[in-house]
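Please open the model in your viewer and keep the selection panel at hand.

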Amino acid sequence: MNLPDLLDTLAKKSDRHLSDLVEWLKIPSISSDTSRRTETAAAADWVAAKLQQAGLATELIPTHGHPMVFAETPAVPGAPVALVYGHYDVQPVEPIDQWQSPPFEPTVRNGNLYARGATDDKGQLLTHVQSVCEWLATGQPLPLQIKFLIEGEEEVGSENLERMLPELRDRLACDCVVISDSSQYADGQPAITYGLRGIATYELEVNGPSQDLHSGSFGGAVMNPAIALCHLLSSMVDREGRIQIEGFYDDVIELSQAERDAWAKLPQSDEAFAKSVGVSELFGEKGFTSDERRWARPTFDINGLQSGHQGEGVKTIIPATALAKFSFRLVANQDPVQLTAAIERHLQQHAPTGIRYTLKPDHGAPGMLANPQSKFAVAASQAIESAFGVAPVMIREGGSIPIVTRFQDVLGCDCLLMGWGLSDDNTHSPNEKFKIQDYHRGIAASAILWDELGKLSESK
Ligand code: BES
Ligand code: MN
Ligand code: MN
């Protein structure tokens, strides 16, 4: 393959690449919304058709939920096998009135493409689809085998994929999983992400009287479920964010000094960080920097609360029920299943009398650590530096991709996370965007990566 020629073609076809993304982003594939089942499946069909037209052996794999797309190029003996993983499902769009342009009408403003899924993950994932399609369009064979697994349930915990992974093991066999579903360190400073946090999510419902009660007639004599819920939630964490559940920190792997030293060299400014999120001061565990807190320390968060009167004006009641949705971010080696047992013990010890409660665990996934010095990371560094003009920094990130550790365990492969996003892309929030230049640089970096990975073949 003449790589400069291919990169030239990529540049010439950049408008087409962007219009492809716009087309895909118009499909509202919100996986958690059961009324959008058909549209969610349409997003799978769209990317399957694109891969099929480029000549990949492509199939739709049905699941109990949304379908997955599997595609592969021909095997190349002696060369490594790369599996590109990504997701076509997106998060809900509420609060809709805060979007400057409708979430499923992709709009260009200031060099950014605005739409739900622009960066998480359709835009980032499509960079790899485009690079492979364009490579095949040259008529030249790829120097390695590339497989794609594109699922529609990442944003809801990837439970169907996890269940099906053992039966898909042979088809997905690979040396390295390649994922672009994370971020650069800063605008113009690309990164390779060698660690992610895990996650464990829960719903806690507290029930008191059999129906709402007048708080004047009954208040003081009947436990208020909303207050009980507040007590329970605040018993789980102190003012600094240290989690108070017994044994919670037992399996946490402490940061190594080498890692802390390396991260201290990253160009970070707490002031700019605070300003970018609109808070007057940052928060967190004493003795850790913001990057350390976000990437390598476990946390507790309340994600939603519901109880009592939500309408206009005052309604003096003791609500019959109160509900909280909360989650923990975990670091590698912490086990979400053990955590559930520990929370149950904690609730037993701290629950006030006069109420009943139910704890419902939702999804859980452990944190991930990859080898930042693997031959795949070295190849990716080369590719990213060529495409972005700047060598990537090695970072961890705080978000979770539930299936990654399962890939490591079941497929026995390495993991390579190359994020093309930016921290102000508004993922999961109104006005999600993707910097158009980074979309095109991502496509170029991906093409160069295939070339670099090809050089790792046995015969070379
Ligand atoms: N792409 C994100 C994960 C991510 C976020 C990686 C930030 C690196 C930096 C992914 O789509 C996501 O949002 N995951 C969820 C998982 C959950 C719904 C099970 C998350 O992290 O909350
Ligand atoms: Mn994602
Ligand atoms: Mn997401």
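Begin by selecting the manganese ion (ligand 3), which is coordinated by Asp 120 (OD), Glu 155 (OE), Glu 155 (OE) and His 428 (NE2) at 2.0 to 2.6 Å. Donors here are N, O and S atoms within 2.8 Å of the metal (3.2 Å for Na, K and Ca), and water is not among the atoms, so sites may look incomplete. This is a predicted model, in which local features need pLDDT of at least 70, side-chain atom pairs count only at pLDDT 80 or more, and totals for chains, interfaces and linings use all residues. Residues are numbered from 1 along each chain as its sequence is written, chains are lettered from A and ligands numbered from 1 in the order in which they are written, and side-chain values use heavy atoms, with hydrogens and water left out.

Now select Glu 155 and His 428. Glu 155 sits in the loop between strand 6 (145-151) and helix 5 (159-172), and His 428 in the loop between strand 17 (414-419) and strand 18 (433-435), so the pair ties together parts that are 273 residues apart in sequence. Helices (H or I, at least four residues) and strands (E, at least two) are DSSP runs, numbered from the N terminus.

Colour these two residues by accessibility. Glu 155 is buried, at a relative accessible area of 15%, whereas His 428 is partly exposed, at 42%. Buried means under 20% relative accessible area, exposed over 50%, and partly exposed in between (1.4 Å probe, protein chains only).
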